[in-house]
Amino acid sequence: MQGNEREKIRHLLVIQDLEGRRTVPLRETTYSLGRHPANTIVLASRSVSMQHAILLRVTVPETDQYGFQIIDGNYKGKGSTNGLFVNGTKCFSHNLRHGDIIAFGSNKAQAKYYAISNISEQAFSESFDVEDLSGFLSEQASPANPFQTLAIDPSFEAASESALARLASFPELIPNPIIEMDFEGRITYLNPAAAIKFPNLRKVGTEHPILTGLLIGVNNLEKNSFVREVEVGTEVFEQSVLYLPESDLIRTFIIRDITEQKQATAELRQRDRLLQAVAEAANYLLGEMNYETGIDLALAVLGEAAKADRAYLFQNHLHPITEEMAVSLRFEWTQSSIKSTHHHWQNQPYQASGLARWYTVLSSGQSINGITQKFPVAEQEFLIRDGIKSLLLVPLRLDNDFWGYLGLADCTFERHWSKHEESTLLTMAASIMGARQRQQVEEKIRYQALHDMLTGLPNRLLFNELLSKTLPNATRNGESLAVIFLDLDRFKVINDTLGHTLGDQLLQSVSQRLKDSLRGGDTVARWGGDEFTILLPRVNDIEEVTLVAERILQALEDAFHLQEHELYVTASLGIALLDSNSPDTETLIQHADAALYYAKDKGRNNYQFYSVSLSAKNPELLTLEKSLRYALERNEFTLYYQPRVNIATGEITSMEALLRWQHPEMGLVAPSVFIPLVEESGLIVPIGEWTLQTACSQNKAWQDAGLAPIKIAVNLSLKQFRQPKLVETIARILQQTGLEACFLELEIMETTAIEDLDFTRRVLEELKQMGIYISIDDFGTGHSSLSRLQLLPLHNLKIDKSFIQYLTQDAKVAHIIQAIVTLGHSLGLKLTAEGVEKEEELEFLKSINCEEVQGFLFYRPLSAQKATEVLESKQTNALVQ
């Protein structure tokens, strides 16, 4: 027990009346005693007046102690009916001393006053319920007489009513502390409230916060008073200071305790700081492209706003050796005076480190909040090692999994973290996990954008990016590099005959063998279809590249065993080296591609290096490229029409529009020559639109001439099909020409259809809704299968002429064609065979129920005039028959 607690004098009044005996501790400044229930102390006896007496707390001069004075009657000075007796003597007022016995009119209502010291607060409280109070106090305490040194005014007993009124309003009764001090710094007066509130005030004197600076403050006053705020320990008070010139004293009055107000204001400011920090951190997490930089900035803002010494983020993971659940510190912010603990918190197993409670609590979604001394011993060891006095942790959850936790630590104070600080940390945790989730999505999107989904290899875009980054390093280091373009030989046959599922598996197996054949640091990418590109950096001589190329060809020699099939594939490789002829990304790839086709011309299953002679263009082609740019505006293009014939009836069912170029000097240019140039130059879009407009106009002209309505078929290139306003363009052309949509057939290449199935399906659905007939042209030349094409809204399938020309030579080809027709019919498609030139081919196609044919056996491509004559002749013959 502290010394000042035992020195304190405590006051009791033991009441005995008709209701029995009870003990009342005297702690207030004033009490009213009487029979009326409104009194502070109610006395049960008819001899007692309605308000019989009052008790006033009075300060003992020159001390911090106080006593009580009892006064007969009420505050207005009206005495009791039967009088007040102290120790048998009737009196108007009396300064009570320990042991005084007070009688209120008669012995039926009396009280005994105790003033005791050297007793603890606990023993004092226990005394309220003790039967033998005197015996209890003799064991626990010492009697005290606070008034033994008090000089009593002999005229006080006869005080008038006005004197009593003054006494009742005296500062003794005020619950606010009042202190008076002279200009020597001596305390001349303390009211009871001040003595209780500041028990060591006389001892400390002007060093006490309540009195500090008062002498200077008063001396500098322009007026006689001022108000200030003063801190006493953890409490804050509003203090009024008044100079009393008539007595040359300083009186100070504690207006009110503003501790809670100050705390509330501070909490509001802290709350504002934290809210601002959360908003600022969210901006960093949203706006910063680098996730780790965003986290570092967010933790710094949070730590500063929370006035913490540490802010950090931990991540759960399996221990790299034991594979038990562990935790590691990933991000940490500290005040400049605080050392990092990053190395302490790596791969810490929860169970073995004594942190199992953390995992249990945090994984359940709860927070951990407290001062270090109240944590379990095993946890204290970690915290004390890091100098942490208090800690706040909240869980981090990602996709409903316990991912880790976010924390704040104070290394200076044993801080009690507020609910608002905890909720702020939880909000920050949600923002960080949102950023983490967004980063994962972005990483996935980037991965998907830069990798081939089938093989997992880098795609064309990433390969170009890597090559662009590698080129400057090679140039700077005086090294070369090589680009290899690889194409699988006859992969299409496997894909078409055995299906795309097995073809995809083969591509995956080939990818793995290619990766296994390369050096460390080399990169293989899937360029598209069955084409791959390979980057060989740090090449010092051509022999290194040759060895890699030979290893690749050798790796493909062994059979691939897939779905009970034993498959063999070879590859053709084109190689370009970084040199003056191939100085950049674009030319390296172009030259490797040129070398690849040279390797194919050499018989496949080999590699060839690029040489300048491979890319030397025919001067006539250069002239053609220039002329093409003016051909459309000079009306040099024309359309030819090749009829499509029904095998069963021999009737013409449609015409295919074929583009021809009538060059003014070179004459009719072969489509195989100028069509690739049109594609490369980008002129295919305006030329394609002209083709569609002209074909629709011609078909409408035939109908207007009274000829039997037929379809007009127009082929759309990949670039045309990808035009964002393709559907609107076709609709406009149909409206302008007056041709009904059902008489227009659009053909797209198989490779165009499968490049982006979702896009293709969306466009074709719109065209089909318009009533347009849809065909796949040159089926069998791409890398798809009917199982893919069945997803598209198609009407017709055109079997590529490359199959038809081997129909009578290779039984396997005949089986493939028959399978295509059968599968096509099962999907509700009509079949058209292209390039039919022999009767045997026609007979076979008729036998397998192929509906239509197109080829030289019936008609070559015809000019508009010739096509018109054929249609008129057919109609005339039909009428004659």
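What share of the contacts in the protein with a separation of 6 or more comes from residues 24 or more positions apart? The share is 59%, where contact means heavy atoms within 4.5 Å. This is a predicted model: local features need pLDDT of at least 70, side-chain atom pairs count only at pLDDT 80 or more, and totals for chains, interfaces and linings use all residues. Residues are numbered from 1 along each chain as its sequence is written, and side-chain values use heavy atoms, leaving out hydrogens and water.

**Overall make-up**
- The protein has 29 helices and 39 strands, taken as DSSP runs numbered from the N terminus (helices H or I, at least four residues; strands E, at least two).
- Of its 881 residues, 48% count as buried (under 20% relative accessible area, with a 1.4 Å probe and protein chains only; exposed is over 50%, partly exposed in between).

**Arg202**
- Arg202 sits in helix α6, residues 201–204.
- Its relative accessibility is 22%, so Arg202 counts as partly exposed.
- The Arg202 side chain reaches the backbone oxygen of Ile187 at 3.5 Å.
- Arg186 lies 16 residues from Arg202 along the chain, with 8.4 Å between their C-alpha atoms.

**Helices α22 and α24**
- The axes of α22 (residues 726–737) and α24 (residues 757–770) come within 10 Å and cross at roughly 20 degrees; axes are lines fitted to C-alpha atoms over the stretch in contact, with angles from 0 to 180 degrees between N-to-C directions.
- The two helices are therefore roughly parallel to each other (angles under 35 degrees).
- Leu726, Val727, Ile730, Ala731 and Leu734 in α22 meet Val763, Glu766, Leu767 and Met770 in α24.

Notes: Polar contact = N/O pair within 3.5 Å; in protein donor to acceptor, adjacent residues only side chain to side chain. Parallel < 35°, antiparallel > 145°, perpendicular 65-115°, else oblique.
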